Amino acid sequence: MNYRHSYHAGNFADVFKHVLQCVALDYLQQKEKPFWLLDTHAGIGMYDLQGEQAQKTGEAIDGIARLLTRDDLPDAIQRYVNFVKEVNSPNELRWYPGSPWFSAQHLRPQDSLTLCEMHPQDSGALAENVRNEFPAAKQIKVLEHTNGYGAIKALLPPPQKRGMVLIDPPFEQRDEFDQVVRALTDGVRRWATGIYAVWYPIKDPLAIGDFHQKVKAIAGVEKVFAVDLLIRTAVDRTKLNGCGILFINPPFGLTQQVNEIMDYLTPLLAQDRGAEYQSIWL
Ligand code: SAM
């Protein structure tokens, strides 16, 4: 396991993913009934942008840093930015929260969150961050050294019957897209009504259609909504040219808001004039 998210925290892909994560969580909060969240690939939950790893790449400069000084953010993006501002001193960008933090911020007393992280060091850091820094820590379970795909099999369906599974793998392995399809197949067989959100990298935009179709073909899957963002023209198809998020059973409000969000985010995160997005029902 070579991937460490601390090199990439707060980059364009995190901004895109965490804005949509917060929108989905906002909709889950609209009913009183408790919800359960599973984050299969959690990372460490909080990243030091002045740390050696983040400084080496400087990726947050073309990510979260581009949003902080804007005064015309759509409400959904402003909510996300406020979460980031709350962990920093005024006019400073030192800390960037990970997906577990955004989930924790949305927990009401009746809700709960399970976090899986497999990397030996990162799972220890995650557990410590949750224990020492997180709100609602008692409602959060950290499964250290745990394979997130296995957790889908072991933990679904949750007793709460409402909630979301976030799948955000590092895509280090050649067959990671197939592993995701297998995990979704396992998940939907056990819990057909859950919301599933999968983040994926886009190098060659033409290759993504195959993944979309495999997800759509999973038995029991009906509603699939995908949002794909390209930050530049995909001339070099070995580079990370963009990323996407695919939702099974997307919250209604998310599909309503996504174009307003992406119309704003796409030019803001663009690295050349080829930046574009698409939001589609599959
Ligand atoms: N979701 C995090 C966020 O948005 O803040 C970032 C997660 S990062 C893209 C992927 C994480 O998955 C890494 O921390 C990596 O160590 C971990 N990982 C890799 N394979 C895993 C597996 N099979 N199960 C659980 N975690 C895994």
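Leaving aside residues up to four places away in sequence, which residues does Asp168 touch? Here are some friendly notes, starting there.

1. **Asp168.** Lys17, His41, Ser99 and Trp199 are the residues that Asp168 touches, not counting residues up to four places away in sequence; contact requires C-beta atoms, placed from the backbone, to lie within 7 Å. UniProt, in an unreviewed entry, places the feature "active site" at Asp168; such positions follow the numbering used here, feature names are shortened, and annotations may be inferred rather than shown by experiment. Asp168 sits in the loop between strand 6 (163-167) and helix 8 (176-190). Helices (H or I, at least four residues) and strands (E, at least two) are DSSP runs, numbered from the N terminus. Asp168 is buried because 23 other C-beta atoms lie within 10 Å. The cut-offs are 20 or more other C-beta atoms within 10 Å for buried, 12 or fewer for exposed, and partly exposed in between, with C-beta atoms placed from the backbone.

2. **Ground rules.** Please keep in mind that this is a predicted model: local features need pLDDT of at least 70, side-chain atom pairs count only at pLDDT 80 or more, and totals for chains, interfaces and linings use all residues. Residues are numbered from 1 along each chain as its sequence is written.

3. **Overall fold.** The protein has 10 helices and 10 strands. Its radius of gyration is 17 Å, close to the 19 Å that the globule rule gives for 282 residues, so the protein is as compact as a globular protein of that length. That radius is taken over C-alpha atoms, and the rule is 2.2 Å times the number of residues to the power 0.38. Along the principal axes, the C-alpha atoms fill a box of roughly 45 × 45 × 35 Å. Of contacts between residues at least 6 apart in sequence, 80% join residues at least 24 apart.

4. **Ligand shell.** The ligand is surrounded by 21 residues, the closest being His41, Gly43, Gly98, Ser99 and His119; a residue counts if its C-beta atom, placed from the backbone, lies within 6 Å. Strand 4 (112-117) and helix 7 (148-155) are the elements that give two or more residues to this shell.

5. **Core.** Buried residues account for 45% of the 282 residues. The largest nonpolar core has 83 residues, and Phe16, Val19, Ala24, Tyr196, Ala197 and Val198 touch the most other members. Such a core is a set of buried Ala, Val, Leu, Ile, Met, Phe, Trp, Tyr and Cys residues joined through C-beta atoms within 7 Å. Helix 1 (residues 12-28) gives the most to this core, with 11 residues. Beyond its neighbours within four places in sequence, Val198 is in contact with Ile167, Val180, Ile245 and Leu246.

6. **Backbone details to look at.** Most residues other than glycine have a negative phi, and most peptide bonds are trans. The peptide bond from Leu156 to Pro157 is cis, with omega near 0°, and Pro157 is in the loop between helix 7 and strand 6. Lys161 also lies in the loop between helix 7 and strand 6; its phi is positive, near 65°. Asn91 has a positive phi near 60° and belongs to the loop between helix 4 (75-86) and strand 3 (95-97). Asn91 is exposed, with 8 other C-beta atoms within 10 Å.

Conventions: Two residues are in contact if their C-beta atoms, placed from the backbone, lie within 7 Å.
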